[in-house]
Amino acid sequence: MAGLVIVRPTNKARGFVVGRALEYNFTTLRISRAYVSLVSRPEGEAISLAWIGDYEIRMHAASAACAARQPLFIVEIFDHDAQIFIDSRACHTLAEGAVAFDEFLHLAEPVADGPHDKRPA
């Protein structure tokens, strides 16, 4: 047993893991609450999940299709300044929605300090 070293994560490393887990849980909770709100609204209405500068991340119902596996909802990112959709994801589960939301947040965050950001000086 000589030379066997037990490596334990440091407090900082464990804090990072716990922080990421909490962040994921909050994102999943946000998506879950938005989905409940979405299904209780009239068809065609979208739910705004977040605004970052001129970018909005929102959720709307998936259109009825004859697909074998229809998505629960669509998460999309929209640029209000340019009036265009940047990207959208069809989500079959709440977990997929949480992943799409996080990806869109990371897509919009660096841009928030760029030319689209119109925060008061």
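This is a short exchange about a predicted model and the terms used for its parts.

Biologist: What makes Glu56 and Arg58 a salt bridge?

Modeller: Their side chains come to 3.3 Å, N to O. The cut-off is within 4 Å, so the pair qualifies.

Biologist: Why is Glu56 called buried?

Modeller: Its relative accessible area is 6%. Buried means under 20%, so Glu56 is buried.

Biologist: And Arg58, buried or exposed?

Modeller: Arg58 has 16% relative accessibility, so by the under 20% rule it counts as buried.

Biologist: What joins Glu76 to Arg58?

Modeller: A salt bridge, at 2.9 Å from N to O. Glu76 lies in strand β3 and Arg58 in strand β2, so the pair ties together parts 18 residues apart in sequence. Glu76 is buried too, with a relative accessible area of 7%.

Biologist: What makes Glu56, Arg58 and Glu76 one network?

Modeller: Their salt bridges share partners.

Biologist: How do you know that Arg41 and Glu45 form a salt bridge?

Modeller: Their closest N and O atoms are 3.6 Å apart. Arg41 has a relative accessible area of 35%, and Glu45 has 34%. Both values fall between 20% and 50%, so each residue is partly exposed.

Biologist: Why are β1 and β2 said to pair?

Modeller: Five bridges join strand β1 to strand β2, and they run antiparallel. Pairing needs at least two bridges, so the strands pair. Trp51 stands opposite Glu56 in β2. The two strands form a hairpin with two residues between them. Gly53, in the turn, has a positive phi of about 60°.

Biologist: What about β2 and β3?

Modeller: They pair over seven bridges, also antiparallel. Tyr55 stands opposite Asp79 in β3.

Biologist: Why are β1 and β4 called edges?

Modeller: The open sheet has the order β1-β2-β3-β4. β1 and β4 each have a single partner strand, so one side of each is left without a neighbour in the sheet.

Biologist: How do you know that the span of α2 agrees with its length?

Modeller: At 1.5 Å a residue, its 15 residues should span 21 Å. The end C-alpha atoms are 21 Å apart, so the two agree.

Biologist: Which element gives the largest share of the largest nonpolar core?

Modeller: Of its 20 residues, Phe101 is one of those that touch the most other members. The largest share, six residues, comes from α2. Phe101 is buried in α2, and its contacts include Ile31, Leu49, Ile57 and Val75.

Conventions:
Residues are numbered from 1 along each chain as its sequence is written. This is a predicted model: local features need pLDDT of at least 70, side-chain atom pairs count only at pLDDT 80 or more; totals for chains, interfaces and linings use all residues. Side-chain values use heavy atoms; hydrogens and water are left out. Helices (H or I, at least four residues) and strands (E, at least two) are DSSP runs, numbered from the N terminus. The expected span of a helix is 1.5 Å times one less than its number of residues. Buried means under 20% relative accessible area, exposed over 50%, partly exposed in between (1.4 Å probe, protein chains only). A nonpolar core is a set of buried Ala, Val, Leu, Ile, Met, Phe, Trp, Tyr and Cys residues joined through side-chain atoms within 4.5 Å. Contact means heavy atoms within 4.5 Å. Lists of a residue's contacts leave out its neighbours within four places in sequence.
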